[in-house]
Amino acid sequence: MNPPKSTNPPNSMNPAQKHEPRPKSMSAGQARARACANIAMAKYWGKSDADLNLPAVPSLSVTLEPLSTETSVVFDPSADADVFSLDGQTAPPAERARVVAVLDRVRHQAGIGLRARVESVNHFPTGAGLASSASGFAALSAAATAAAGLSLSAAALSALARSASASAARSVFGGFVKLPAGRPGQGDLAAQPLLPASHWDLSVVVAITARGRKAIGSRTAMNLSRDTSRYYPAWVEGAEASCKRVAEALAARDFRALAAAVEESSLAMHALAMTSSPPVLYWQPGSVAALHAVRRLRDAGVPVCATMDAGPHVKCICERDARDRVRRALSETPGVHETLVAVPGPGVRVTLGAP
Ligand code: DP6
């Protein structure tokens, strides 16, 4: 067990801190923001309230760079409808509707009625279980509030992002982040920064095991699990303890304990998906091969563990020194098309410049 390394404040916005004032060179009505993806070490799966988008369980994540989304928002006096493009393409109606819901909240808070042009670019594969909704809605929330002239605390920004996508609440902060479970009537739920990115020199090697978009999104699948998996009540009951195990292992920089807690949470989440009706199976042959490769490495003494989200890719968390070995082993694993490397990164940033 290692001693805690640093007592520095998290590498992210302080919840009480306000956004920087609008830079002089940026016109009123437009802003751009960049947010990084995150992966949950203790998973969120299931809502206590679907309308308010409140998670039924706590989750704990690490924000990852360079996996990021950049989003620009322009409130345009000449536009008569909101327009949303993702990676240069007009987004499908369901995705547009979720963006419009965020814009509506922002317009309401700012007391404006203008329609917006939103352009978003993902710097990693979209919709393939790499948490693009997390970085996407965190970047959108930051850009839209800044463009509307609002100056929200990081906690208020996180609560806004959470209303669109719960994992997005976590991407507002850098480093290691917790999103508590929520209950209706308990106030506006936001994520909390736990430890700075510098706390532990970890890397994440993502094994890409399929191309294209996933078959079923996390929202639909987790609602299905809540409604149909007989294991759902046990999942909710054990989630607080599971999240605590991850938090304690992180605080102590105890990799062995972290690996056990991370894999238990991920496999339990996938057990819920698989026992839903109809069953949801995100795993591809390459996913299973990668999970076994990680186990072999760990049995050989390499500090690495695996976690999976609502998609087939395997995210392998390792200590920095093990990264090259992990990457080599995964690259040689059948069914792994490519690998991406990420490290703990910063929270959302409103960046200069109109599009
Ligand atoms: C498997 O945040 O995408 O990635 O709140 O409905 O938008 P909504 O769900 P979303 O779910 C993420 C689920 C997960 C686990 C996690 O990130 O904690």
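**Reading the model**

Reply: Arg245 is partly exposed, with a relative accessibility of 40%; buried stands for under 20% relative accessible area, exposed for over 50%, and partly exposed for the range in between (1.4 Å probe, protein chains only). The model is predicted, with local features requiring pLDDT of at least 70 and side-chain atom pairs pLDDT 80 or more, while totals for chains, interfaces and linings use all residues. Residues are numbered from 1 along each chain as its sequence is written, and side-chain values use heavy atoms, leaving out hydrogens and water.

Me: With which residue does Arg245 form a salt bridge?

Reply: A salt bridge requires a side-chain nitrogen of Lys or Arg within 4 Å of a carboxyl oxygen of Asp or Glu. The partner of Arg245 is Glu264, with the closest N and O atoms 3.3 Å apart. This pair links distant parts of the chain, as Glu264 belongs to helix H7 (residues 255-274) and Arg245 to helix H6 (residues 232-252), 19 residues apart. Helices (H or I, at least four residues) and strands (E, at least two) are DSSP runs numbered from the N terminus. Glu264 is partly exposed, at 38% relative accessibility.

Me: How many salt bridges does this rule give?

Reply: The count is 14 salt bridges. One of them joins the side chains of Asp309 and Lys43, at 2.6 Å from N to O. Asp309 sits in the loop between strand S11 (304-307) and strand S12 (314-319), and Lys43 in the loop between strand S1 (30-42) and strand S2 (47-49), so the pair ties together parts that are 266 residues apart in sequence.

Me: Is Lys43 buried or exposed?

Reply: Lys43 is buried, at 2% relative accessibility. Asp309 is buried as well, with a relative accessible area of 15%. Asp309 also meets the side chain of Lys315 in a salt bridge (2.7 Å, N to O), and Lys315 is buried at 1%.

Me: Which residues are linked in a network of salt bridges?

Reply: Asp82, Asp104, Arg107 and Arg115 are linked in such a network.

Me: With which residues is Ser266 in contact, leaving aside its neighbours within four places in sequence?

Reply: Contact refers to heavy atoms within 4.5 Å. With those neighbours set aside, Ser266 is in contact with Lys43, Thr307 and Met308. Ser266 lies in helix H7 and is buried, its relative accessible area being 5%.

Me: Which residues come nearest to the ligand?

Reply: A residue is near a molecule if one of its heavy atoms lies within 4 Å of it. There are 19 residues around the ligand, of which Tyr44, Lys47, Ser165, Ser167 and Arg219 come nearest. By class, this shell has eight nonpolar, five polar and six charged residues. Here Ala, Val, Leu, Ile, Met, Phe, Trp, Tyr, Cys and Pro count as nonpolar, Asp, Glu, Lys and Arg as charged, and the others, Gly among them, as polar.
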